[in-house]
Amino acid sequence: MPRDLVAKVLKSSQPGSTVDVRGWVRTKRESKGGFAFLEVNDGSCFGNVQVVVDGKLPGYETWIKEITTGASVAILGEVVESPGKGQRVEVRANEVRVLGTADSATYPLQKKGHSYEFLREKAHLRPRTNTFGAMARVRNALCDAIHRFFQDRGFLYVHTPIITTSDCEGAGQLFQVTTLDIAKLASGGRESSGSTSPVDYAHDFFGKKAGLTVSGQLEAEIFACAVGDVYTFGPTFRAENSNTTRHLSEFWMVEPEMPFYELEDDMDLAESFVRTIIKDVLNRCPDDLAFFNERIEPTLLESLHHIVEHDFIRLTYTEAIEILLKSGQTFEYPVSWGTDLQSEHERYLTEQHFKQPVILTDYPRQIKSFYMRCNDDSKTVRAMDVLVPRIGEIIGGSQREERHDLLVSRMQECGLNPEDYWWYLELRQYGTVPHAGFGLGLERTLQLMTGMHNIRDCIPFPRAPKTADF
Ligand code: ATP
Ligand code: MN
């Protein structure tokens with residue numbers, strides 16, 4: 001017989017029905033009247049089901065001692081109306097089986113209220129806590145909402161490679177993938193015959209230097225320029241050594257790419273995307289989000305509803321710089337036209353000045369990637385970043401440069417060798433079209449959705465500098 005999920009029991013099981021509930025004990029309370037009360041959680045929802053255990057059940061004295069916080073149990077019982085407030089029903093046990101004990105002297109989650117730092121070292125157990133159970137369900141609902149948004153609009157889900165040899169954007173961020181014997185190379189035993197470079201990648205697995213992808217965009221463009229609107233949704237790797245609360249070395253990114261879109265269309269899609277997925281998760285995970293609102297970030301629900309209900313503000317980078325210069329704020333990093341915006345600047349705009357999400361456009365070309373379309377002013381490019389309160393940048397996007405010759409000169413300006421991008425350039429030689437796209441960071445979106453302060457608590461197994469323990 002398949003088990004009954006706690007979510008279903010709490011929501012719809014009728015009093016009088018028999019259920020088979022299985023899960024992990026959160027708390028046990030023994031009362032004087034010869035009863036025990038167990039709070040059992042199986043992860044199917046935020047709530048626990050209360051199980052009332054009669055001390056007269058066979059063997060009670062023996063097995064009740066084995067039931068401690070963290071123990072796994074199987075309960076056969078009857079659904080009854082709950083006299084307590086806050087819950088519709090509870091389960092009166094007819095049969096209790098202890099599947100696995102959890103020694104209270106050593107079980108790491110015996111007590112409540114551990115720090116997030118401590119829990120990160122217990123990545124194998126933290127999903128059993130309220131916070132990380134809720135995070136897992138919200139993450140799942142968010143991914144589902146993301147797919148639904150694009151599928152409803154006829155986008156094709158394409159899979160771009162994880163191992164890549166097209167070293168797009170800054171090489172410093174690339175994790176190298178190799179089968180060369182690094183220890184041997186380091187000790188002087190050459191894997192190669194080259195004299196200028198110590199390593200000859202012709203001898204490496206792929207016959208050339210390879211790495212983990214920092215973005216699926218360039219390959220997504222191939223498909224956008226063939227089958228229409230597409231999106232990628234997969235893991236992305238960046239070896240940037242930034243120990244911040246907003247950066248991971250491995251994170252998930254959603255990257256739609258649309259032919260025949262210009263920047264305005266791109267912004268419209270990005271805005272509608274962010275507002276729709278937030279709305280969907282608000283509808284689907286009310287209990288989990290109520291918990292985050294109560295325990296993590298008291299403005300959470302209010303701010304999420306505000307985002308759903310209001311249009312984003314749109315302005316140019318140049319206008320934003322003027323606002324920041326006039327703000328009278330002292331920033332850690334001073335602002336001037338031509339510098340990249342830091343999180344503190346992005347947060348000032350969204351939290352203090354506009355108090356809602358902002359889309360900034362037309363950034364200086366020297367701080368943006370080679371593939372962004374150049375404006376006629378020859379100073380700025382058709383870039384757009386979506387900035388949100390509490391986090392800053394959540395989306396980076398642009399209209400792509402579709403003019404072959406301009407793209408070549410931009411590559412040269414950025415110190416890239418156009419020959420390395422021959423296939424990307426051919427997309428502009430054969431049937432080029434205007435197109436645009438953006439990238440949304442999944443874990444930053446989860447920070448926004450849950451109010452969790454550190455991005456390392458928004459992914460099951462965080463990877464960051466010196467951190468890859470599970
Ligand atoms: P930032 O300036 O904040 O480091 P970026 O400009 O390098 O970000 P993009 O290359 O534009 O980021 O990537 C698109 C989106 O991917 C970002 O808006 C963000 O949501 C997410 N993202 C980028 N880098 C990381 C990272 N290291 N960890 C988690 N999410 C990231
Ligand atoms: Mn960006």
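Reader: Let's start with helix H10, residues 317–326. Which of its residues are buried?

Author: This is a predicted model, so keep that in mind throughout. In H10, the buried residues are Tyr-317, Ala-320, Ile-321, Ile-323 and Leu-324. Looking down the axis of H10, you find those buried residues within an arc of 160 degrees, so they line one face of the helix. On the face turned away from that buried side sit the exposed residues Leu-325 and Lys-326.

Reader: What do the buried residues of H10 pack against?

Author: Their partners are strand E12 (313–316), helix H11 (343–353) and strand E13 (358–364). Past the end of the helix, H10 is followed by Gly-328, which has a positive phi near 75 degrees.

Reader: Let me try the reading on helix H9, residues 300–309. Which residues are buried there?

Author: Leu-300, Leu-304, Ile-307 and Val-308 are the buried ones. Down the axis of H9 they fall within an arc of 100 degrees, so they also line one face of their helix. Glu-302 and Glu-309 are exposed, on the face turned away from the buried side of H9. As for packing, the buried residues of H9 go against helix H7 (263–284), helix H8 (286–295) and H14.

Reader: H14 has come up now. How do I describe two helices that pack together?

Author: Two packed helices are described by the angle between their axes and the distance between the axes. Take helix H4 (residues 130–152) with helix H14 (residues 442–450): the angle is about 120 degrees and the axes are 11 Å apart. H4 and H14 are therefore oblique to each other. The crossing of H4 past H14 is right-handed.

Reader: Which residues make that contact?

Author: From H4 you have Met-135, Val-138, Arg-139, Leu-142, Cys-143 and Ile-146. From H14 come Leu-442, Glu-443, Thr-445, Leu-446, Met-449 and Thr-450. Sorted by class, the contact of H4 with H14 has 8 nonpolar, 2 polar and 2 charged residues.

Reader: And how is helix H12 placed against H13?

Author: H12 covers residues 404–413, and its axis comes within 9 Å of that of H13, crossing at roughly 155 degrees. That makes H12 roughly antiparallel to H13, because angles over 145 degrees count that way. His-404, Leu-407, Val-408 and Met-411 of H12 meet Tyr-424, Leu-425, Arg-428 and Gln-429 of H13.

Reader: What about H6 and H13? At what angle do they cross?

Author: Helix H6 (residues 217–227) and helix H13 (residues 422–429) cross at roughly 30 degrees, and their axes come within 11 Å. This crossing is left-handed. On the H6 side, the contact uses Gln-217, Leu-218, Glu-219, Glu-221 and Ile-222. On the H13 side, it uses Trp-423, Tyr-424, Leu-427 and Arg-428. The residues of the contact of H6 with H13 are 5 nonpolar, 1 polar and 3 charged.

Reader: One more loop residue, please: Tyr-201. What does it touch, leaving out residues up to four places away in sequence?

Author: Tyr-201 lies between helix H5 (182–186) and strand E9 (210–212). With those neighbours left out, it touches Gln-176, Leu-180, Gly-207, Lys-208 and Lys-209. Leu-180 is 21 residues away along the chain, and the C-alpha atoms of Tyr-201 and Leu-180 are 8.7 Å apart.

Reader: To finish, zoom out. How many helices and strands does the protein chain have?

Author: The chain has 14 helices and 16 strands. It has 470 residues, and 49% of them count as buried. The C-alpha trace spans about 85 × 60 × 45 Å along its principal axes. Take the contacts between residues at least 6 apart in sequence: 67% of those join residues at least 24 apart.

How values were computed: Residues are numbered from 1 along each chain as its sequence is written. Chains are lettered from A and ligands numbered from 1 in the order in which they are written. This is a predicted model: local features need pLDDT of at least 70, side-chain atom pairs count only at pLDDT 80 or more; totals for chains, interfaces and linings use all residues. Side-chain values use heavy atoms; hydrogens and water are left out. Buried means under 20% relative accessible area, exposed over 50%, partly exposed in between (1.4 Å probe, protein chains only). Helices (H or I, at least four residues) and strands (E, at least two) are DSSP runs, numbered from the N terminus. The arc is that of the directions from the helix axis to the C-beta atoms. Contact means heavy atoms within 4.5 Å. Axes are lines fitted to C-alpha atoms, for helices over the stretch in contact, and angles run from 0 to 180 degrees between N-to-C directions. Angles under 35 degrees count as roughly parallel, over 145 as roughly antiparallel, 65 to 115 as roughly perpendicular and the rest as oblique. A crossing is left-handed if the near helix is turned anticlockwise from the far one by less than a right angle, and right-handed if clockwise. Ala, Val, Leu, Ile, Met, Phe, Trp, Tyr, Cys and Pro count as nonpolar, Asp, Glu, Lys and Arg as charged, and the others, Gly among them, as polar.
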